Amino acid sequence: MTDGAPIDSPIDGQPIESPPFDGKAFARGLGSQPGVYRMYGKDDAILYVGKARVLRNRVGSYFNATPKTARTMAMLSQVVRMEVTVTRTDAEALLLENQLIKSLHPRYNVLLRDDKSYPYVLLTQEAWPRLAFHRGPRAVAGRYFGPYPSAVAVRETLNSMHKLFKLRSCEDSVFRNRSRPCLQFQIGRCSAPCVGLVQARDYADAVRRASLFLDGRSEELGNELTTAMEAASTRLDFEEAARMRDLITTIRKLQARQYVDGQAADLDVLAVAMQGASACVLLLAFRDGRNLGTRAFFPKTNGAAPEEVLAAFVSQYYGEQPPPREIVLDRDVPDRDLIEVALTETAGRKVQLKHSVRGERAGYVDLVKRNAELSLATELSSHAAQSARAEALRDMLGLSDVPKRIECFDISHTMGEATVASCVVFDANGPVSSQYRRYNITGIEPGDDYAAMHQALERRFRRAIEEGGVLPDLLLIDGGKGQLAQANAVLGELGVNGVYVVGVAKGEERRAGHEQLLLPDGRELRPGAESPALQLVQQVRDEAHRFAITGHRGRRQKARTTSRLEDIPGIGPRRRANLLRHFGGLAGLKQAGSEEIARVEGINAALAERIYATLHGLPMPATGMDAGRDG
């Protein structure tokens with residue numbers, strides 16, 4: 001195996017270039033086993049990862065006399081070495097290929113952009129499970145049902161689930177502190193386990209039935225409910241029998257809403273549309289016969305053909321997401337049989353890939369193809385508009401090139417409480433949400449926006465300097481000259497160069513389109529609402545503002561609902577519940593005096609004074625009295 005690195009001359013010790021990579025000789029040394037091969041360029045840059053049923057034949061095909069595409073020839077001209085990994089089966093080679101593509105991001109592979117925003121239905125794993133919308137890392141213990149094509153599909157499912165099974169949706173902090181049923185109970189969407197209005201056994205039954213429904217086992221669930229209805233009728237519990245009857249009726253109506261071929265179906269329909277090197281793969285999902293809607297993906301194609309793009313999408317997407325029993329494609333794809341075997345192995349059940357279908361499925365394929373073309377056209381026009389705004393911004397600011405990375409900082413707080421700074425990132429394609437960051441600001445005078453901005457910027461750029469992180473070409477600061485001065489001071493202290501800093505000051509009466517841009521050379525621009533450059537600045541600034549407010553509200557709510565009582569020594573679950581029940585919530589407790597607080601069961605005078613002081617921000621009273629244990 002040749003790696004292409006310089007070697008020492010045996011004559012004078014001077015480095016010389018190694019000979020070109022001999023692909024034919026490398027292929028002859030390979031066996032007939034399945035496996036994965038990797039092509040490397042200069043400086044060990046990964047160029048391509050591929051799979052093979054027979055390594056010798058597949059790798060050798062790159063270096064024979066057969067004509068090849070311009071893309072393949074360009075790739076082969078850069079290869080300086082190759083590596084292979086032998087696997088036991090073809091399916092194992094496919095799975096390894098997907099893992100390496102995801103981790104190495106080879107230049108010439110089709111890459112499904114990493115998207116962590118798939119929405120799921122979450123059923124938590126705790127004494128009283130919660131059924132809720134979930135997006136992001138699976139950090140909460142429980143079962144995750146999905147992914148769903150869109151947030152709308154998840155919310156429609158949750159709406160039906162809460163009506164059917166009456167499981168709680170509230171956060172744990174709210175659940176622990178309830179003293180009376182909430183509105184969800186009053187409108188028939190929750191059984192109020194927070195205040196003990198449902199037996200644990202009945203709630204557990206509802207959780208199990210909800211799991212059956214979300215698993216697509218509606219027929220099994222219907223049979224179970226029918227048996228329960230008959231049993232209730234036999235023991236003359238007609239109220240329970242009527243409840244079971246209504247539940248069965250609702251489930252049957254949901255099942256009847258969308259069917260494929262007259263029966264419950266579990267399938268995805270996929271189509272790809274391409275214009276040049278841009279591609280859109282559109283997914284239409286059915287689960288248990290219900291149409292869950294569509295989702296568009298825009299993979300990086302690197303010049304691959306449509307069928308290669310679709311094959312790579314299927315392999316990579318279902319390498320992370322559980323595949324349905326049937327996947328219908330708008331065209332045949334390379335290695336379809338191999339992909340089918342690999343998906344069947346990973347799913348533990350038969351998975352079929354079909355590309356030539358009739359009847360209703362053919363209608364769905366046609367629908368998905370049209371929507372893929374429409375989504376791609378929309379994406380390209382949106383990208384063109386984004387590029388035009390970026391070019392206008394370059395010209396307005398007098399930059400030598402279009403900024404490839406824009407960052408914007410904003411500060412949010414309420415009268416100095418729970419201050420949060422946000423940093424959002426935009427590139428040539430728009431927002432890069434995976435690189436957004438929030439900073440919880442501490443150790444400053446409440447309401448000091450200048451100090452908050454200084455701390456956030458110092459934390460962001462110090463880390464970039466210490467860890468060799470990426471720097472923005474353009475840094476937007478939401479604020480006037482004071483905030484801009486803080487940004488310039490931080491960059492100067494850290495020795496950061498090459499970052500163009502612009503302040504975005506609000507216009508007259510805070511009206512959109514009247515913003516004033518403060519430039520590094522002292523100029524002040526008012527481009528006006530019609531300026532494409534200002535529209536891009538507004539888009540970035542508004543996103544930073546939204547991200548900061550969301551973080552601030554979350555931090556403030558957490559502080560107000562969890563820390564006030566839970567941080568007081570001597571206050572445990574029982575005393576906290578007694579207090580909230582007695583006063584009807586935290587607001588009523590804050591209005592009470594220490595003498596009234598002391599009348600609550602389990603609260604003595606010393607503990608009442610401590611509670612009053614904490615809730616009103618007063619110094620903690622000195623006392624030698626023990627509040628006792630909250631058993």
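Trainee: A salt bridge puts a side-chain nitrogen of Lys or Arg within 4 Å of a carboxyl oxygen of Asp or Glu. How many salt bridges does a search of the whole structure find?

Mentor: This is a predicted model, in which local features need pLDDT of at least 70, side-chain atom pairs count only at pLDDT 80 or more, and totals for chains, interfaces and linings use all residues. Residues are numbered from 1 along each chain as its sequence is written, and side-chain values use heavy atoms, with hydrogens and water left out. For salt bridges, the search of the whole structure gives 30.

Trainee: How far apart are the closest N and O atoms of Arg-81 and Glu-83?

Mentor: Arg-81 is buried at a relative accessible area of 9%, where buried means under 20%, exposed over 50% and partly exposed in between (1.4 Å probe, protein chains only). Glu-83 is partly exposed, at 22%. The two form a salt bridge, and their closest N and O atoms are separated by 2.6 Å.

Trainee: Which residue forms a salt bridge with Asp-335?

Mentor: The closest N and O atoms of Asp-335 and its partner Arg-53 are 3.8 Å apart. The pair links distant parts of the chain, 282 residues apart: Asp-335 is in the loop between strand 12 (326–329) and helix 12 (336–347), and Arg-53 is in the loop between strand 4 (46–52) and helix 2 (55–61). Helices (H or I, at least four residues) and strands (E, at least two) are DSSP runs numbered from the N terminus.

Trainee: Which residues are linked with Arg-53 and Asp-335 in a network of salt bridges?

Mentor: Side chains of opposite charge can pair when their charged atoms come close. Besides Arg-53 and Asp-335, the network includes Lys-51, Asp-90 and Glu-97.

Trainee: Are Glu-326 and Arg-361 buried or exposed?

Mentor: Their side chains meet in a salt bridge of 2.8 Å, N to O. Glu-326 lies in strand 12 and Arg-361 in helix 13 (residues 359–397), so the pair ties together parts that are 35 residues apart in sequence. As for accessibility, both residues are buried.

Trainee: At roughly what angle do the axes of helix 14 and helix 15 cross?

Mentor: Axes are lines fitted to C-alpha atoms, for helices over the stretch in contact, and angles run from 0 to 180 degrees between N-to-C directions. Helix 14 (residues 449–467) and helix 15 (residues 481–494) are therefore roughly parallel, a label for angles under 35 degrees. Their axes come within 9 Å and cross at roughly 30 degrees.

Trainee: Which residues is Thr-157 in contact with, leaving aside its neighbours within four places in sequence?

Mentor: Thr-157 lies in helix 5 (residues 151–165) and is buried, with a relative accessible area of 4%. Contact means heavy atoms within 4.5 Å. With those neighbours set aside, Thr-157 is in contact with Val-121, Tyr-148, Leu-214 and Arg-290.

Trainee: Which residues of helix 8 make the contact with helix 5?

Mentor: The axes of helix 5 and helix 8 (residues 200–214) come within 10 Å and cross at roughly 145 degrees. On the helix 5 side the contact is made by Thr-157, Met-161, Leu-164 and Phe-165, and on the helix 8 side by Ala-206, Arg-209, Ala-210, Phe-213 and Leu-214.

Conventions. Angles under 35 degrees count as roughly parallel, over 145 as roughly antiparallel, 65 to 115 as roughly perpendicular and the rest as oblique.
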